[in-house]
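Let's take a walk through this fold together, starting with a single residue and working out to the whole chain.

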Amino acid sequence: GDIDISASDLYFKGSSELKLNTTERGFEKIVNPEDSQLTYDLPKGPFFSTSLTDASFTLLGSTVTADVDVILNSAVTGESVNKVEIGVKGMNLSGGLGAVNSGVSYHLENLSGYLFADDEGVAGRLSGEMSFPKFSNGIEFSLPNASVDFNTSNSPLDHIFESKSYRFNESNFFRSTVNEGKLIKDNVEVFSGDLAFYVDLSNDVSGLDVDKLFGKVSNAKLSLGDNNLVAMDTGNGSFIVESNGLAADFSASLIINSDDVYSRGVFSAKVNYTDSAVEINKRIGDTLFVLNLEKDLDKIIEGSSTKLLVGSQKIEGDFVLEEVDGLVGVSMRDVNVVVGDSTSDYINLKVKKGAALIDPEGIAIDAIGDAEILLTNLSASGEYRVKIKTFERQIAQQFLDQSTIFIRAGPVTEVYGTNAALTVAGQYMTGNFNFSKVEEIGMDLTLDNVNFSLGNENSYASIQNGSG
């Protein structure tokens, strides 16, 4: 016969097959007395359902078609009849992104599961597939699966059906979760992880058509350089999807697959493939989405108050890591380079400008700043330069921000000042000073073109253009 069901946020009608069993046992292969070729199966009661094939109905503002089982057990058990369980198979849902004429949409296909409808709204738990078309800027998603949860009512919902608990802890939300999803740009993977796409239904009148999808990512993986030279995994953070692209920010520890280099602290991976800066602070139910991204960020990793360890040398501060010809370039902000050995720290260079290059064989660092001598009776003033390299070959590299690294062949650890000043045991001298690490313990200090005088107020002796 025909069925017509209207509930909050859900309306459908169609032709159906009704099944009713008020007994406590199931029946299999009941023969139709008018046609012995037809048999029926009935599950254990109390049970009351109607089945619709290719039913057309409205859900979340979209007209959809699916095979449906409407289950009205409460009508048999004597419970309140203002609720209905609906099993669906092969359902498709779609939503638009951005303006009506943007032409960009997302699709949920071959969904199967259950809907729970009452006079307050409809909730659902479904599984199937999710897809986006390729965006105009070359980004696309690879989404192998999708699990959909939603609840249009103003309160959380706990529902027990067929001895299974369905819990919707949040209200007015729609979420599609994809495990091991990938973001791809120009046929190259940008990052992967478990992705959850959210729609805020709290004040929505357009169903799944939204300006943007909000998202959370977990177990995120991103790498820079050839052969995962620098990588992040188990990252957690937020993202948005708009009609013109995606922006994301997630954090994790950093893995450096290079000799002699280690990291400490939490780093953040950032991408922004939209056409503007992004600033988001949004809550859907109990889930918070926070993004603060500059325009045109193409796969970078940032570290704030983090560390890079190179043997006994420590580089501490803020870093930005980007891929450079298969290697990884590092720019620096508010960085201190501490040079020493396993027993002591000798020099702290407060960097004004500097860069580093991470190579599979190690790291090269070239930076300029103010030197602080970390030893008694010794101090420095003027501009000093630190150069550290852990591999053999010479390195000459210029970055997009005009930072340069030029270090001679061979492992190098040195701090030198040209036309700088050094005070030794109260005696002030000017000239060229080069602190270099040659042995495992201690540093050599080479002096060139040095001028100094002995004595405090009166000069007893002086040297000009000295070396030693």
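Does D334 count as buried or exposed? D334 counts as exposed, because its relative accessibility is 67%; here exposed means over 50% relative accessible area, buried under 20%, and partly exposed in between, with a 1.4 Å probe and protein chains only. You'll find D334 in strand 27, residues 327-340. Strands are DSSP runs of E with at least two residues, helices are runs of H or I with at least four, and both are numbered from the N terminus.

Before going on, a word on what you're looking at. This is a predicted model, in which local features need pLDDT of at least 70, side-chain atom pairs count only at pLDDT 80 or more, and totals for chains, interfaces and linings use all residues. Residues are numbered from 1 along each chain as its sequence is written, and side-chain values use heavy atoms, with hydrogens and water left out.

Back to the backbone. Most residues other than glycine have a negative phi. D334, though, has a positive phi near 50°. A425 is also not a glycine, and its phi is positive at about 50°. A425 sits in the loop between strand 34 (412-424) and strand 35 (427-436), and with a relative accessible area of 52% it is exposed.

Now zoom out. The protein chain has 1 helix and 37 strands. Its C-alpha atoms fill a box of roughly 125 × 45 × 40 Å along the principal axes. The radius of gyration is 33 Å, whereas a compact globule of 468 residues would come in near 23 Å; that radius is taken over C-alpha atoms, and the globule rule is 2.2 Å times the number of residues to the power 0.38. Of the 468 residues, 48% count as buried.

What about the inside? The largest nonpolar core has 113 residues, and F57, F132, F191 and F197 touch the most other members. Strand 28 gives the most to this core, with 8 residues. Apart from it lies another core of 15 residues, including Y198 and I280. A nonpolar core is a set of buried Ala, Val, Leu, Ile, Met, Phe, Trp, Tyr and Cys residues joined through side-chain atoms within 4.5 Å. Leaving out residues up to four places away in sequence, F57 touches several residues, among them L10, F12, V64 and M91; a contact means heavy atoms within 4.5 Å.

Finally, have a look at K353 in strand 28 (residues 345-359). K353 is partly exposed, because its relative accessibility is 46%.
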